[in-house]
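Here's a quick briefing for anyone meeting this structure for the first time. Have a look at the sequence and the fold, then read on.

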Amino acid sequence: MSARDVLFVALGVLTAAAGLLAVSSRQVVHAALWLVTALGALAGCYLVLGAEVVALVQVLVYVGAIVVLVLFALMLTRAPIGRSADLDARWPQRVAAAAAGGAVAALLGTTLVLAVGGRAVAVDEGRAAAEPLARSLFGAWALPFEVLSLLLLAALVSALLLSRERGER
């Protein structure tokens, strides 16, 4: 096992642990911060695999934009930031969510094992070169990205308007 493999496994374990803490935290802000950790560790996995552009996009879009948007939405909507009895799910819901998460993880794991098997996958650093990926992202996919950004902005403004009480309008 090479140092690259050890680093990849360590980042994968960190990603999984932070993801579990993000979904099991009882405080929304803590969950968002664990999500930042999980997404950052996932960007590290991309770096280890030689996909620098994908790691950069992961950090810029998910860590830098989506999570910050979630945090701003929490602050603007005056959502309960600390512990709240309204946000705690009952144990049957927790068991059902854990079963659904375990089933999805088993499905993904089985799919990966069947697809890759015991073969070693060589990292092809040429496939993740910046130029063809940038041409694809900012060529054919530029319009969907812009539409998605407008949708996120509309959702944020709508959440702000819905959170205001009638007297504040």
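At what angle do helix α2 and helix α3 pack, and how far apart are their axes? The angle is about 175°, and the axes sit 8 Å apart. Keep in mind that this is a predicted model.

**Helices α2 and α3**

- Helix α2 covers residues 28-48, and helix α3 covers residues 52-76.
- With an angle of about 175°, which is over the 145 degrees needed, α2 is roughly antiparallel to α3.
- On the α2 side, the residues that meet α3 include Val28, Ala32, Leu35, Val36 and Leu39.
- On the α3 side, the partners include Val54, Ala55, Val59, Tyr62 and Leu74.
- Sorted by class, the residues of this α2 and α3 contact come out as 17 nonpolar, two polar and one charged.

**Helices α1 and α2**

- Helix α1 spans residues 3-24, and its axis comes within 8 Å of the α2 axis.
- The two axes cross at roughly 160°, so α1 and α2 are roughly antiparallel to each other.
- As for handedness, the crossing of α1 and α2 is left-handed.
- From α1, the residues that meet α2 include Arg4, Leu7, Phe8, Leu11 and Gly12.
- From α2, the residues that meet α1 include Ala31, Trp34, Leu35, Ala38 and Cys45.
- This contact of α1 with α2 has 15 nonpolar, five polar and one charged residues.
- Leu35 turns up in the α2 contact with α3 and again in the α2 contact with α1.

**The largest pocket**

- The largest pocket has a volume of about 710 Å³.
- Its lining is made of 15 residues, and Phe8, Leu42, Leu49, Leu108 and Leu112 lie nearest the centre.
- Helices α1, α2 and α4 (91-116) each supply at least two residues of that lining.
- By class, the lining of the largest pocket splits into twelve nonpolar, one polar and two charged residues.

**The second largest pocket**

- The second largest pocket has a volume of about 410 Å³.
- It is lined by 15 residues, and those closest to its centre are Val23, Ser24, Ser25, Arg94 and Ala97.
- The elements giving two or more residues to this lining are α1, α2 and α4.
- Helix α4 gives the most to the lining of the second largest pocket, with four residues.
- The class count for this lining is eight nonpolar, four polar and three charged residues.

Notes
Residues are numbered from 1 along each chain as its sequence is written. This is a predicted model: local features need pLDDT of at least 70, side-chain atom pairs count only at pLDDT 80 or more; totals for chains, interfaces and linings use all residues. Side-chain values use heavy atoms; hydrogens and water are left out. Axes are lines fitted to C-alpha atoms, for helices over the stretch in contact, and angles run from 0 to 180 degrees between N-to-C directions. Angles under 35 degrees count as roughly parallel, over 145 as roughly antiparallel, 65 to 115 as roughly perpendicular and the rest as oblique. Contact means heavy atoms within 4.5 Å. Ala, Val, Leu, Ile, Met, Phe, Trp, Tyr, Cys and Pro count as nonpolar, Asp, Glu, Lys and Arg as charged, and the others, Gly among them, as polar. A crossing is left-handed if the near helix is turned anticlockwise from the far one by less than a right angle, and right-handed if clockwise. On a 1 Å grid over the protein atoms alone, a cavity is a set of points where a 1.4 Å probe fits but cannot get out, and a pocket is an open set with protein on both sides within 12 Å along at least five of seven lines; lining residues have an atom within 4 Å of a point. Grid points are joined across faces, edges and corners, and a volume is the space filled by probe spheres set on the points.
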